[in-house]
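Visitor: I am new to this structure. Please show it to me, and let me ask about the terms as they come up.

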Amino acid sequence: MTQQPHPTPSTDQPGLASFDKLAAGLAVIWLVTVVAQFFLAPESILTGPLSFLIMVLVVLLPLALLWGIVATARTIRSLRAEAGQLRIAVDQMQQSYAGLPQNPNAKPMLEQKLDEIAAAQRKTESALAMFTSRRDTALTVPSADRKAALTMPVKTQSDEQAALALGTPAEDLRAPLSVGDFVRALHFPESAEDKAGFRALRLALEDRKTSRLIRAAQDVLTLLSQEGIYMDDLKPERCRPEVWRRFASGERGRGIASLGGIRDRSSLALSSARMREDPIFRDAAHHFLRSFDKTFAEFEQNATDSELADLAETRTARAFMLLGRVTGTFD
């Protein structure tokens, strides 16, 4: 309920104005009385210099006291008016503060500084992980926009002869999906204006191997969103690229437990409950994990440590971390 403001106090209060009139009337009466006494009995008043001084004091002292009281009353009236105005100003400030929209998500300055320090620390850990992990043996490697994301199958001579007899498949004429487009497609477009993201997604869907993983990831992300779980809200802990390589080589269990960097309890609990109660979600999750496992094993053979770190930041990789923890892949 909005508090009504106090009325502004007026400095011209009726009570005090009438008091001024009363004081003026008393002063006039006193002067008339003194003058009348002077004319009625002048011989009893002026009998010497001392009596004249006493008469002046008798006349002026009551008037001075009377107007002193009037001045004091005016001062009190002014102080009361100022106090009232100050009270109104305080009430208006309180009302203005109470009417401001409160933002429960606003962070104190200290917490913002801590978040900035944590973000800088994560970047440092990622850089250290790339320097301390296994280095590629080749001194010169193609850039991510030209290098193939997945290993190309080695064709035998009999395969080439059969292809010539039946005609060259269209997918063999298409350039292989690059590492950059592969990683960008697994992250999915950021918005409707993300032209680069949609281009990478279109190229990935044209690739037979990658399209299976893209569609499996899309199904899982859609089902997770029904529970209010979005990959952008999850902040996984960074993992060293060498652990990803051990996972690609077939290692499972606690040795690669750091891959399960999703620690959000709410998301883990909701996903685990959906996994137990919804067979459709369970089948989609297992199909996604198998597709990710198979596709990532091929991707790791061509990827550098920095490219593995980029892949770990995608929405598809975060879904793998979340569902991997739920299914016990890292136990």
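Visitor: What makes Leu289, Thr329 and Phe330 contacts of Gly324?

Guide: Contact means heavy atoms within 4.5 Å. Once its neighbours within four places in sequence are left aside, Gly324 is in contact with Leu289, Thr329 and Phe330. This is a predicted model, in which local features need pLDDT of at least 70 and side-chain atom pairs count only at pLDDT 80 or more, while totals for chains, interfaces and linings use all residues. Residues are numbered from 1 along each chain as its sequence is written, and side-chain values use heavy atoms, with hydrogens and water left out.

Visitor: Why is Gly324 called buried?

Guide: Buried means under 20% relative accessible area, exposed means over 50%, and partly exposed lies in between, with a 1.4 Å probe and protein chains only. Gly324 has a relative accessible area of 0%, so it is buried. Its place is in helix α13, residues 315-327.

Visitor: Why is the pair of Phe288 and Phe292 called tilted?

Guide: Rings of Phe, Tyr and Trp (its six-membered ring) pair if their centres lie within 6.5 Å; planes under 30 degrees apart count as stacked, over 60 as edge-to-face and the rest as tilted. A search of the whole structure finds 10 aromatic pairs. In Phe288 and Phe292 the ring centres are 6.2 Å apart and the planes stand at 50°, so the pair is tilted. The two residues are four apart in helix α11 (residues 279-302), which means about one helical turn separates them. Both Phe288 and Phe292 are buried.

Visitor: What makes Phe296 and Phe299 a tilted pair?

Guide: Their ring centres are 6.4 Å apart and their planes are at 40°, so this pair is tilted. Phe296 and Phe299 are three residues apart in helix α11, and so about one helical turn separates them. Phe296 counts as buried because its relative accessibility is 2%. Phe299 has a relative accessible area of 0%, so Phe299 is buried.

Visitor: Which residues do ring pairs link into a cluster?

Guide: The cluster consists of Phe182, Trp244, Phe247, Phe288, Phe292, Phe296, Phe299, Phe320 and Phe330.

Visitor: How do you know that Glu298 is buried?

Guide: Glu298 has 17% relative accessibility, so it counts as buried. Glu298 lies in helix α11. Its side chain makes a polar contact with the side chain of Lys209 at 3.1 Å. A polar contact is a pair of N or O atoms within 3.5 Å; within protein, one must be able to donate a hydrogen and the other to accept it, and residues adjacent in sequence count only if both atoms are side-chain atoms.

Visitor: Why are α6 and α7 called roughly perpendicular?

Guide: Axes are lines fitted to C-alpha atoms, for helices over the stretch in contact, and angles run from 0 to 180 degrees between N-to-C directions. Angles under 35 degrees count as roughly parallel, over 145 as roughly antiparallel, 65 to 115 as roughly perpendicular and the rest as oblique. The axes of α6 (residues 179-187) and α7 (residues 195-206) come within 8 Å and cross at roughly 105°. The two helices are therefore roughly perpendicular to each other.

Visitor: What makes α6 largely enclosed?

Guide: Seven of the nine residues of α6 are buried, so the rest of the structure largely encloses this helix. Among them are Val179, Phe182 and Leu186. The buried residues of α6 pack against α7, α8 (208-226), α11, α12 (305-312) and α13.

Visitor: Is Phe188 buried or exposed?

Guide: Phe188 has a relative accessible area of 12%, so it is buried. It is found in the loop between α6 and α7. Phe188 has a positive phi of about 65° although it is not a glycine.

Visitor: Why is helix α9 described as mostly covered?

Guide: Six of the eight residues of α9 (residues 241-248) are buried, so this helix is mostly covered. The buried residues include Trp244 and Phe247. Gly250, with a positive phi near 115°, follows α9.
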